[in-house]
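Subject: Structure handover

Hi,

Here is the structure I promised to pass on. My notes on it follow below.

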Amino acid sequence: MRFLRCTALALVGCVFLSWLHPRRTMRAAQVPADPGATSHSAPPAVPAVTWSRQIAPLVYQNCATCHHPGGGGPFSLLTYQEAFRHGPQMAQVTQSRYMPPWLPAPGYGDFLGARRLSDEQIALIRRWVASGMPEGDASIAPPPPHYDATWQLGKPDLILTIEHPYALAAGGTDVFRNFVLPYPLTATHYIRAMQILPSAPQVVHHANVLIDRTASFRRRHPADWEDGIPGMELELDAGNTFDPDSHFLFWKPDTPVLEEPAGMPWRLDPGNDLILNMHLKPSGKPETIGAQIGLYFTPEPASKHPMLLELEDDRGLDIPAGDRSFQVQDELELPVDVDLFGIYPHAHYLGKELEGWAILPDGRKQWLIRIPDWDIDRQSVYRYRTPVFLPRGTVVHMHYVYDNSEDNVHNPNTPPIRVRAGNRSVDEMAHLWLQVLPVNTAKGSPDPRLLLEEAWMEHRAKRNPGDLIALYNLASALAGLGRYAEAAADYRQVLAANPRDARTLNSLGAALENAGDSSAAEKEFTQAIALGPDNCDAQFNLAELELKRSQFAQAAEQFRDLLRNCPADAGAQSGLGVALLGEGDSASAEAEFEHALDLDPANFTALYHLGEMAIESGSPERAVEFLQKASAQRPDDVDTRERLAMAYAQSGRQADALTQLRAAVQLSPGDANLHALLSQVLSAAGQLQQAIEEQNQALHFEPNDADGWNNLGVLEARLGHTAAARADFERALQLAPDHAQARANLARLPRQ
Ligand code: HEC
């Protein structure tokens, strides 16, 4: 079986925007003077609050992660002297809950690492300040925490480094820069944690990492990718396989590095690129920005496959100047049960109240997040302490309120102006990202992420008929679900708006081919090739179609053409081998298969055919080698297992042959040929009774097989079951009167 190639598009990159110099206005309420301090009747019985006993532990726990030398806070709070200097301010900002920074309201989602002081803790600081900030007994103070400026989880397994650091000017607007870091290893690895380490963290507002599975971004910028590409929103080509983005790879100064949940590492394959998208803020002096990405591996492949979903209402954003309560919303019904692991709300400077909730199928409202007073500079990904279960039929809601009045201290425009959605820093956004893991998936049902993708893209395309990426991705999801006719209809809609899009023509061709209409498919592939002579996927698909029609010379020509455009395409190389085999030139075919394996040692077609050729040329050990690898690539391919069993049998490894055949029968229980083969191997191993059973099975599925009856007769005769053997040979002769062997076998049976 061959897989048709078509691509899914991923519009990734949560777009993070920032205004040049947001006014940082203190929102700290004035702290009323401590009544205890001013009262004439100060209760002396209250034990003194000291730095050493109560405040140092509190500060080390809740403040020092940012407030240490080199940290993200503006000053250190590690020593008594430092805390003393900032004491009154500490009382103010904790009282107003301006510090520690934490946007979500309590009670609207239980998040990991929630930074929130209790009322008692706030009161302690207030009392300490009011009583003159005594140090107390220094010998009982805990030792200050130690912060490693480099790798939080120890030395990473792999460190990627930006080759060409970026020169950030002293002033000017914010800069969004994308650095491509090719994944340099030749094997797949699973990543349990990642840390981004900028060389000048003070000017990096935040960063996020995208995985470009097909190196499409680098290919689109062949000349300048090494120097970094400006821009905030990237469109990446996701390649042939449905492999949606699944993890928030997000970094802000002083966020602790989190390990991915158990069973949910993310994956890097050879040929992938990491794209580091950095938001840089000029600091007043020129800076050179480099960065390293540290990756921590785990040997365990992912056993759970989450996915990111987005609610958004950018089109709804058209905020009149002065409007202090402009609202947008979106909602999405979930087609499958999921666990919600994380959530990432996003708006710019006018965002005020950001809410996400779910209406469960029983009508109950489940809060997911509520941010009553949004601040873009404190945006973050929030992970739930325990995943939130959302059953199928749940409707997830996003509801955002924007304040475009002068009272909004973050408003970048004075006086306010009309603001709409967009990529520029003067524009707004309304996004809510969710990381969900499908659960309770019934055995044998399709990949639930495809159903989520279908629901999501259908919703997007319905809301905005001009959203061609949504329509394209909807079509690809439908094709992935085997609903080819629907997929073709949607691809056609994309083409109606954009008739010269070679990628969509190719994908439409693949859907038509899968739907069984290969002449219509041929038309689309041909048109795609005509539009873009280097459309290797369309060339591949057309060549495969010609192979299927046994047009070997044409197919060979098409593959050769393709290889001129994409010389490293192992699939085309092995396809050329198949075409040459069809033309009868097995020597050249063998060379092509070997070349394909040089390009990709796991190329199934090459492994399979080299194995088959080795069987035919009487080199069963060589055949075993190839076919074992082929079967590892596609463990469910019955044909490969059958060949492998033959190779084992030829090399005298009967037990291995039996194992393979039994596995093949499990996969395809109604395959008469497999039962017959199994019978032969059992018979060669001397297990005649079992061999008879298997041959009976074969005849059960193919009762008119004269050879089969003859073979059964031979087995019965060897066990001395003369009468049964006679009946079998006679049956063979009934079906094929000139079956010479059956006649001879019948004649050789002893008389009764
Ligand atoms: C996640 C990082 C982080 C944590 C945790 C944190 N701070 Fe801050 N703090 C900052 C940053 C960044 C600023 C400066 C700009 C701002 O206001 O965001 C700041 C500013 C301050 C200021 C000065 C406010 C002003 O008037 O400009 C005080 C005081 C302060 N923090 C105290 C605390 C205390 C006390 C704690 C613990 C209870 C704490 N911070 C926890 C990051 C942090």
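Helices α7 and α8 cross in a left-handed sense. This is in a predicted model, as is everything below. Helix α7 covers residues 468-480 and helix α8 covers residues 484-497. Their axes come within 8 Å and cross at roughly 160 degrees. An angle over 145 degrees counts as roughly antiparallel, so α7 is roughly antiparallel to α8.

Which residues of α7 and α8 meet? From α7 they are L468, L471, Y472, L474, A475, S476, L478 and A479. From α8 they are Y484, E486, A487, D490, Y491, Q493, V494 and A497. By class, the contact of α7 with α8 holds twelve nonpolar, two polar and two charged residues.

Helix α19 spans residues 672-684. It packs against α20 at an angle of about 165 degrees, with the axes 8 Å apart. The two helices, α19 and α20, are therefore roughly antiparallel to each other. The crossing of α19 past α20 is left-handed. On the α19 side the contact uses A672, H675, A676, L678, S679, L682 and S683. On the α20 side it uses L688, Q690, A691, E694, Q695, Q697, A698 and F701. Eight nonpolar, six polar and one charged residues make up the contact of α19 with α20.

Helix α20 (residues 688-701) also packs with helix α21 (residues 706-718). Here the axes come within 10 Å and cross at roughly 160 degrees. That is why α20 and α21 come out as roughly antiparallel to each other. α20 passes α21 in a left-handed crossing too. The α20 residues in this contact are L688, A691, I692, Q695, N696 and L699. Those of α21 are G708, W709, N711, L712, L715, E716 and R718. Sorted by class, the contact of α20 with α21 has seven nonpolar, four polar and two charged residues.

Now the metal. For reference, ideal angles for six octahedral donors are 90 or 180 degrees.

Where do H67 and M99 sit in the chain? H67 lies in the loop between α2 (51-62) and α3 (80-95). M99 lies in the loop between α3 and α4 (119-130). The pair therefore ties together parts that are 32 residues apart in sequence.

M99 comes up again in the backbone checks. Most residues other than glycine have a negative phi, and most peptide bonds are trans.

- M99 and P100 are joined by a cis peptide bond, with omega about -15 degrees. P100 lies in the loop between α3 and α4.
- T414 and P415 are also joined by a cis peptide bond, with omega about -5 degrees. P415 is in the loop between β21 (395-402) and β22 (419-420).
- M133 is not a glycine, yet its phi is positive, at about 55 degrees. M133 sits in the loop between α4 and β2 (158-161).

Best wishes

Note on methods: Residues are numbered from 1 along each chain as its sequence is written. This is a predicted model: local features need pLDDT of at least 70, side-chain atom pairs count only at pLDDT 80 or more; totals for chains, interfaces and linings use all residues. Side-chain values use heavy atoms; hydrogens and water are left out. Axes are lines fitted to C-alpha atoms, for helices over the stretch in contact, and angles run from 0 to 180 degrees between N-to-C directions. Helices (H or I, at least four residues) and strands (E, at least two) are DSSP runs, numbered from the N terminus. Angles under 35 degrees count as roughly parallel, over 145 as roughly antiparallel, 65 to 115 as roughly perpendicular and the rest as oblique. A crossing is left-handed if the near helix is turned anticlockwise from the far one by less than a right angle, and right-handed if clockwise. Contact means heavy atoms within 4.5 Å. Ala, Val, Leu, Ile, Met, Phe, Trp, Tyr, Cys and Pro count as nonpolar, Asp, Glu, Lys and Arg as charged, and the others, Gly among them, as polar.
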